Amino acid sequence: MHQFQFRWIPFIATCVLMAIFLRLGWWQWTKAMDVEAQVALHDARSTVNPLLLGAQLVDAQEVADSMVVVRGHFDASAQFFLDNQQHQGRPGLHVMTPLQIEGTQVRVLVNRGWVSWGNSRDVLPEVPVPDAPVEVHGRVSVPSSRAPAFVSETLGEEGRLRTRIRLDEIQAKQRHLFQPIVVLMVSTGTSDGLVREWPELSNKAPMHKGYAAQWFLMAALLLAFF
């Protein structure tokens, strides 16, 4: 029979690798818990009655993913396009139009939907803006402050073509208050030809739990080999 003989180097290596495997397993498990919490919060906010946006500024994190209704007039002069947006493999843009909330001077930025590039990137698409008052139904989105990965920002953050949404910079250049959110428009009751197919939050918790189980299993196998 073989007799176990303690050796410091295998012992230290086993401890270090087990610590790494257990840490990675716990990291994946906590990610799974976070995703489940986000999905549950998203589902809960999607089923409640839509929030009516007014002059009072909302807390962006508290209303994220909530359904909202807002009435007012679009500000065509401040409309811009968000570059590097795809739909069914086709390159295009998102049409971003501020809306002055009815009875107030407060604005909210509305993502009206996707439009394709024309024959050339040198010419922006012509997207008309309704003149009449509108009632916008949509879902709240909170733009990330981080720049998109692998995307050049030579276009800048101003002008009619932009690479990302910086609400803080938009607010700094406006004398009117802006709600700290973007409304992903679902409908206004009129047809404008824009595509509004917003991505749903996917539940990747089972995937992260599977990764966690693999790391924990590797730690157990390492201990068994030791």
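## Exercises on a predicted model

Arg-160 sits in the loop that connects strand 6 with strand 7 (161-162), where strands (E, at least two residues) and helices (H or I, at least four residues) are DSSP runs numbered from the N terminus. The model is predicted, with local features requiring pLDDT of at least 70 and side-chain atom pairs pLDDT 80 or more, while totals for chains, interfaces and linings use all residues. Residues are numbered from 1 along each chain as its sequence is written, and side-chain values use heavy atoms, without hydrogens and water.

**Exercise 1.** Determine how Arg-160 is classed by accessibility, and which residues Arg-160 is in contact with beyond its sequence neighbours.

*Solution.* Begin with the class: Arg-160 counts as partly exposed because its relative accessibility is 44%, the class lying between buried (under 20% relative accessible area) and exposed (over 50%), with a 1.4 Å probe and protein chains only. Next, set aside the neighbours within four places in sequence, which leaves contacts (heavy atoms within 4.5 Å) from Arg-160 to Gln-79, Phe-80, Phe-81 and Leu-124. Finally, compare sequence with space: Leu-82 is 78 residues from Arg-160 in sequence, yet their C-alpha atoms are 8.5 Å apart.

**Exercise 2.** Work out which strands pair with strand 8, and in which sense.

*Solution.* First consider strand 8 (residues 178-187) itself, in which seven of ten residues are buried. Two strands pair if DSSP finds at least two bridges between them; strand 5 meets this with four bridges to strand 8, in the parallel sense, and strand 6 (residues 134-141) with five bridges, running antiparallel to strand 8. At the residue level, Leu-184 of strand 8 is the bridge partner of Asn-111 and also of Arg-139.

**Exercise 3.** Describe the space in the second largest pocket and the residues of its lining.

*Solution.* Start with the volume, the space filled by probe spheres set on grid points joined across faces, edges and corners, which is about 380 Å³ for the second largest pocket. A pocket is an open set of points on a 1 Å grid over the protein atoms alone, with protein on both sides within 12 Å along at least five of seven lines, and lining residues have an atom within 4 Å of a point. Of the 22 lining residues, Ala-78, Pro-98, Arg-162, Ile-170 and Gln-174 are the closest to the pocket's centre. Strand 5 (107-116) and helix 3 (167-172) are the elements that each contribute two or more residues to this lining.

How values were computed. On a 1 Å grid over the protein atoms alone, a cavity is a set of points where a 1.4 Å probe fits but cannot get out, and a pocket is an open set with protein on both sides within 12 Å along at least five of seven lines; lining residues have an atom within 4 Å of a point. Ala, Val, Leu, Ile, Met, Phe, Trp, Tyr, Cys and Pro count as nonpolar, Asp, Glu, Lys and Arg as charged, and the others, Gly among them, as polar.
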